[in-house]
Amino acid sequence: MEAGGDAEPAQARLARDWSELTFDALTSVFAKLGAVEVLMGAGLVCHPWLAAAKEPSLWRYLNMTKHNKVVKEMCSSGARDVLCAMAKEVVDRSSGQLEVFVGEEFVDDDLIKYIGGRAPSLKILHLTSCCTVLNEGFVEAINRFPLLEELKLSACENIVGCATYEAVGKACRNLKRFEVAKYMPLAYTPYSIERERDEYNSDCDAAHGIATMRGLRSLQISHNNLNDEGLAAILDNCPYLESLDLHCCGIAVVDDAMRAKYAGVKMAGVFRDYAQVLSYYIL
């Protein structure tokens with residue numbers, strides 16, 4: 001009887017009202033979760049948890065890439081509008097404190113401009129395969145990021161060109177790291193070769209836009225038809241450049257003479273053979 005009588009109080013002692021966790025304890029736990037997990041789960045448990053989930057300091061970092069299972073599934077199912085709404089909610093909750101935004105595929109013109117109007121503290125911006133972000137919307141947003149230090153554009157085929165990169169150079173005086181990579185086909189077809197021919201001059205011209213980013217310390221360019229003139233323009237106009245990585249940029253020649261002239265810049269690269277692809281219109 002005594003053993004049975006002690007069992008109920010013991011169970012009662014084990015029971016907890018999780019809504020009574022302190023605000024600091026909740027925010028500490030939420031900080032270890034991703035934005036998606038807090039928005040779709042933890043922050044919806046009860047009113048105290050929702051209040052903690054709205055703490056602006058929790059929302060300085062937002063990573064919404066397809067490494068997250070939920071983001072990947074929503075992108076695949078066509079629920080990109082839901083992801084955009086979630087991202088906007090994070091921006092609102094940050095109350096201007098958002099410093100890092102990493103987005104993949106679902107980001108569109110409307111969202112990037114929304115972030116631009118509400119994230120003056122943004123320091124890092126990574127966009128991957130965001131083909132519905134256009135030059136005009138991107139430039140409108142980038143003009144609102146004066147503190148930006150790192151920009152990565154990967155397979156964003158409509159964020160290109162000298163004028164766009166010049167806008168970055170003009171607006172983001174603190175920019176120290178820039179990475180740009182084009183989408184490249186796994187195999188060349190008549191269409192892809194023709195497209196590469198059309199992009200040759202624009203890539204070379206775009207280098208002069210990159211050259212306006214005078215504060216760069218690190219630059220990575222991938223799958224680009226950069227030529228010697230464009231490369232020299234970048235190296236001559238970016239006096240603080242420490243690291244240059246040219247990945248699959250086979251037109252520009254990085255020889256011993258160039259390495260000696262720009263000895264202060266660590267140069268690396270994996271170059272692809274353009275001989276057959278580009279002899280069609282270069283030679």
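In which sense do strands E6 and E7 pair, and over how many bridges? Strand E6, residues 218-222, pairs with E7 in the parallel sense over 5 bridges; two strands pair if DSSP finds at least two bridges between them. Helices (H or I, at least four residues) and strands (E, at least two) are DSSP runs, numbered from the N terminus.

This is a predicted model, where local features need pLDDT of at least 70, side-chain atom pairs count only at pLDDT 80 or more, and totals for chains, interfaces and linings use all residues. Residues are numbered from 1 along each chain as its sequence is written, and side-chain values use heavy atoms, leaving out hydrogens and water.

Back to the strands. Serine 218 has serine 243 in E7 as its bridge partner. Between E6 and E7 the chain passes through helix H11, residues 228-237, in a right-handed β-α-β crossover. Right-handed means that, with the strands pointing away from the viewer, the path from the first strand over the helix to the second runs clockwise.

Now a helix pair. Helix H8 (residues 135-142) packs on helix H9 (residues 162-171) at about 5 degrees, with the axes 10 Å apart. Axes are lines fitted to C-alpha atoms, for helices over the stretch in contact, and angles run from 0 to 180 degrees between N-to-C directions. H8 is therefore roughly parallel to H9, a term for angles under 35 degrees. On the H8 side, the contact (heavy atoms within 4.5 Å) is made by Asn135, Phe138, Val139 and Ile142. H9 contributes Thr164, Ala167, Val168 and Ala171.

Conventions: Angles under 35 degrees count as roughly parallel, over 145 as roughly antiparallel, 65 to 115 as roughly perpendicular and the rest as oblique.
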